[in-house]
Amino acid sequence: MGAGPRPNPRRADRHGVYVAVAIFYALLFLAVIWPVYPLFARIEPRILGMPLSMAYVVAALLLSFAILLGLYLWEGAGRGVEPDLGVEPDVVGTSDLVGGPDPRGDAG
Amino acid sequence: MAAWLIVFLVTIGYLIASLVIGLASGGHASKSTEGYVAGDRSLGFLVMYFIMGASIFSAFAFLGGPGWAYSRGAAAFYILAYATVGLVPWYFFGPRVAALGRRFGYVTQAELFAHRFESRAIPAILAVLSVLAFLPYLMLQMEGAGYVFSVVTEGRVPEWAGAAIAYGVVLIYVFRSGVLGVGWTNTFQGIFMMALAWGLGLYLPAKLHGGVGPMFDAIARELPDMLRGPGLGPDGKPWTWGAYSSAVAISALGFSVWPHYFMKIYTARDIPTLKKTVIAYPTFAIFLVPILFIGFAGVLAFPGVQPADAILPTIVTSAEVGLPPFIVGLFCAGALAASMSTGDALLHAAGSVAVKDFWDNVRPDTLDDAARRRWIRTLVVVFGALAYLLAVVARISLVELLLLSYGFIAQLFPLTVATFMWRGVTRAGALAGLIAGGGVTILLNLAPGLAWGGIHPGIYGVVANVVAMVLVSLATPPMRPAHVRAFVPD
C-alpha cells in the first residue's frame with residue numbers, strides 16, 4: 001500500500017481515460033431524462049416489438065454495461081490494485097480511528 | 001386437492017427452502033461483529049451479484065412495476081432509466097471504500113464519514129436518518145408479502161398472517177446468519193425471480209395478445225399516450241417531464257449511497273469482485289423488462305383493476321389465463337422472494353447501523369465486540385416487530401414517507417462525492433450540507449406547493465446541500481492534509 005510501487009508510470013494517460021468514462025456516464029444520465037429523452041420518447045419505430053420510448057432506455061442500459069465492461073478489460077492487471085491510501089501501516093492505530101475522532105488528535 | 005391449497009403448499013415449500021439455506025449459510029462466518037455485518041469481507045461475485053440484484057427486485061418492482069406499467073404506461077420506464085447509472089459511482093469510489101474498510105475496520109457507511117470528518121455527530125445523525133428512511137421501505141416490503149399471501153389464497157390466509165409468516169422466516173435467518181444469510185438466500189431468491197419474470201413476462205403477452213409486438217400494437221391503437229414518455233401521472237393525465245426526470249435523478253443519486261447497499265462494499269472479497277458486481281448490475285436490471293410486459297399485458301385485457309398494484313396477482317390467478325395452481329404457487333413464492341430479499345438487507349442494516357453508528361458514538365466504548373453483536377441481533381428483531389406493527393396493524397400510508405426517505409438518502413450523495421474528490425471539504429461544511437439538504441427536503445415535503453415544476457423535493461435539497469457544503473467548507477480551515485490523503489488521492 002503506502003510503500004508499494006506506483007502501478008503504472010503512465011498515470012496521466014490512465015487518469016484521462018477515467019475522466020472520459022465519468023463524462024460518458026454523466027451524459028448517459030442526461031440522455032435518459034429531460035431534455036434528451038423526450039426526443040426519443042415516442043412509439044415509432046418499434047424495436048423487438050417494444051415502442052421506441054422503451055427500447056431506447058433498454059439500449060441505454062445495455063450501453064452502460066458494455067462501456068463499464070470495456071473499462072474493466074482495458075484496466076488489465078491494474079484492475080485488482082488496491083488504491084494507495086498513503087498511510088504507513090504502523091503509523092496509525094486501527095481501532096483509534098473507527099467510529100470517531102482520533103483520541104490523540106486535534107479534533108473534538 | 002383444492003387449487004388454493006396447492007398454491008399455499010408450494011409457497012410454504014419455498015419458505016422452508018429459504019429458511020434452510022439462510023440457516024446453513026451462517027456457519028462459515030466468524031463469531032464477531034465483522035463476521036455478522038461484513039461476512040469477514042469474503043463474499044464472491046455470485047453472491048454479491050444477487051445481493052445487488054435484490055435491490056432492483058423488491059416488492060416494489062415485482063408488484064409496483066407492473067402496477068405502474070398498467071396504470072401509468074411509459075412512466076414506469078423511469079425504473080429502467082435510473083438503473084443505467086445507479087451503481088456506476090461504485091466503480092470509481094468502491095475500491096477506495098473497500099480498501100479503507102479493510103485497513104481501518106469499517107463495516108458501515110457512517111464509519112467512513114466519521115473517520116473522514118473526525119466527527120461523532122455525523123455518524124449519529126446519519127444513523128437516525130438511515131433508520132427513519134429504512135422503516136417505510138421495510139413496511140412496504142411487509143405489506144407486499146401479506147398482500148400476495150392474501151390474494152393467491154383467496155383471502156384464507158389474511159394479510160397480517162402472511163406478512164408474519166414470511167418475515168418470521170426472514171428474522172430467523174438474519175438473526176442466525178447475518179449478512180451471509182442475506183447473501184445466500186438472495187442468491188436462491190434471485191434465481192427464482194429471474195426464471196419467473198422471464199417465464200411469465202413472455203408467456204402472458206403471448207397468451208393474452210399473441211405476443212409482445214401485437215400487445216403494443218393494440219395499446220398504441222387504443223391508448224397511445226400510455227406508450228409516449230413520460231407516460232401518465234397518478235391522476236391518469238399525462239405526467240410532467242420535471243416529475244419524470246427528477247424521479248430518475250433522485251433514484252439514481254440515492255441508489256449508490258443507500259446505507260444498506262453501501263455497506264455491502266465491505267463484504268466483497270477483493271476489488272475485481274466489486275468491479276464485476278458493478279459491471280454486471282445492468283444485466284439484472286434487464287429483468288425488469290418482462291416484469292413491465294406483464295403490466296402492459298393487463299392494460300386492455302383487464303381494465304379497471306384497483307389498486308393497480310394488484311394487476312400481477314389478478315392476471316396470474318385469473319380463469320382466463322388458466323395457469324395451473326403449481327405455477328401460481330411459484331409466482332406467489334417469487335413475489336415473496338422479492339419482498340424478503342429486500343427486507344432482509346434492510347433489517348440487517350438497521351440493527352448494524354443503530355449499534356455501530358448511533359450507540360458507539362453517543363456512548364463510546366461501552367460495548368465489547370460480543371455485546372455489540374448481541375445488540376445488533378436484538379435490534380434486528382425490535383425493528384422487524386416495529387415495522388410489522390406499523391405496516392400491518394396500524395396500516396400507515398406509505399407514499400409520503402417513501403418520498404421523504406428517498407429525499408433524505410439522496411443527501412448522502414454530495415457528501416460521498418466530496419469525501420473522495422475534494423480535499424477542502426471540512427467537518428463544518430459536511431454538517432452544514434446535511435442539515436441544509438435535509439431541512440429543505442422536509443420543508444418542501446410539508447409545503448409541496450413551493451416545489452416548482454413537480455420536481456422532487458429531494459432535488460432542491462441536494463442543491464441546498466451542495467451550496468451550504470461548499471460555502472461553509474471554504475469559510476472554515478481545511479483538515480490536516482496527512483489525514484485527508486487516505487481519502488482523496490493525489
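# Briefing: a cis proline, a chain contact and helix packing

A:Pro45 is located in the loop between α1 (11-31) and α2 of chain A. The peptide bond that joins A:Glu44 to A:Pro45 is cis, with an omega of about -5°. The structure described here is a predicted model.

**Backbone features in loops**

- A cis peptide bond also links B:Gln306 to B:Pro307, where omega is near -10°.
- B:Pro307 belongs to the loop between α14 and α15 (311-317) of chain B.
- B:Arg41 is not a glycine, yet its phi is positive, at about 55°.
- The position of B:Arg41 is the loop between α2 (33-38) and α3 (45-56) of chain B.

**The contact between chain A and chain B**

- Chain A contributes 57 residues to the contact, and chain B contributes 58 residues.
- About 4900 Å² of area is buried between chain A and chain B, and carbon and sulfur atoms give 70% of this area.
- Of the area that chain A buries against chain B, 14% is supplied by A:Met54, A:Leu61 and A:Leu85, which is more than any other three residues supply.

**Salt bridges**

- Over all chains, the model has 11 salt bridges.
- Between chain A and chain B, the count is four salt bridges.
- B:Arg485 and A:Asp84 form a salt bridge through their side chains, with an N to O distance of 3.1 Å.
- B:Arg485 is in the segment after α22 (481-484) of chain B, while A:Asp84 is in the loop between α2 (52-75) and α3 (94-97) of chain A, so this pair joins two chains.
- The side chain of B:Arg102 meets that of A:Glu82 in a salt bridge, at 3.6 Å from N to O.

**Helices α9 and α14 of chain B**

- Helix α9 (residues 159-209) of chain B and helix α14 (residues 288-301) of chain B have axes that come within 8 Å and cross at roughly 25°.
- Because of this angle, α9(B) is roughly parallel to α14(B); angles under 35 degrees count as roughly parallel.
- The two helices α9(B) and α14(B) make a left-handed crossing.
- On the side of α9(B), the residues in contact include B:Trp198, B:Leu202, B:Pro205 and B:His209.
- On the side of α14(B), the residues in contact include B:Pro290, B:Phe293, B:Ile294 and B:Leu300.
- By class, the contact of α9(B) with α14(B) comprises 14 nonpolar, two polar and no charged residues.

**Helices α9 and α10 of chain B**

- α9(B) also packs with helix α10 (residues 212-222) of chain B, at an angle of about 60° and with the axes 8 Å apart.
- This angle makes α9(B) oblique to α10(B).
- The crossing of α9(B) with α10(B) is left-handed.
- B:Leu202, B:Pro205 and B:His209 of α9(B) are in contact with B:Val212, B:Pro214 and B:Met215 of α10(B).
- The residues in the contact of α9(B) with α10(B) are five nonpolar, one polar and no charged.

**Helices α6 and α19 of chain B**

- Helix α6 (residues 89-104) of chain B packs with helix α19 (residues 412-421) of chain B at an angle of about 65°, and the axes are 11 Å apart.
- The helices α6(B) and α19(B) are therefore roughly perpendicular to each other; angles from 65 to 115 degrees count as roughly perpendicular.
- The crossing between α6(B) and α19(B) is left-handed.
- From α6(B), the residues B:Pro89, B:Phe93, B:Arg96, B:Val97 and B:Leu100 take part, and they meet B:Phe413, B:Thr416 and B:Phe420 from α19(B).
- The contact of α6(B) with α19(B) has six nonpolar, one polar and one charged residues.

Technical notes: Residues numbered from 1 in each chain as written. Chains lettered and ligands numbered in written order. Predicted model: local features only at pLDDT ≥ 70, side-chain atom pairs only at ≥ 80, totals over all residues. Heavy atoms only, no water. Axes fitted to C-alpha atoms, helices over the stretch in contact; angles between N-to-C directions. Helix = DSSP H or I, 4+ residues; strand = E, 2+ residues; numbered from the N terminus. Parallel < 35°, antiparallel > 145°, perpendicular 65-115°, else oblique. Left-handed = near helix turned anticlockwise from the far one by under 90°. Contact = heavy atoms within 4.5 Å. Nonpolar A, V, L, I, M, F, W, Y, C, P; charged D, E, K, R; others polar. Buried area = accessible area lost by both parts, 1.4 Å probe.
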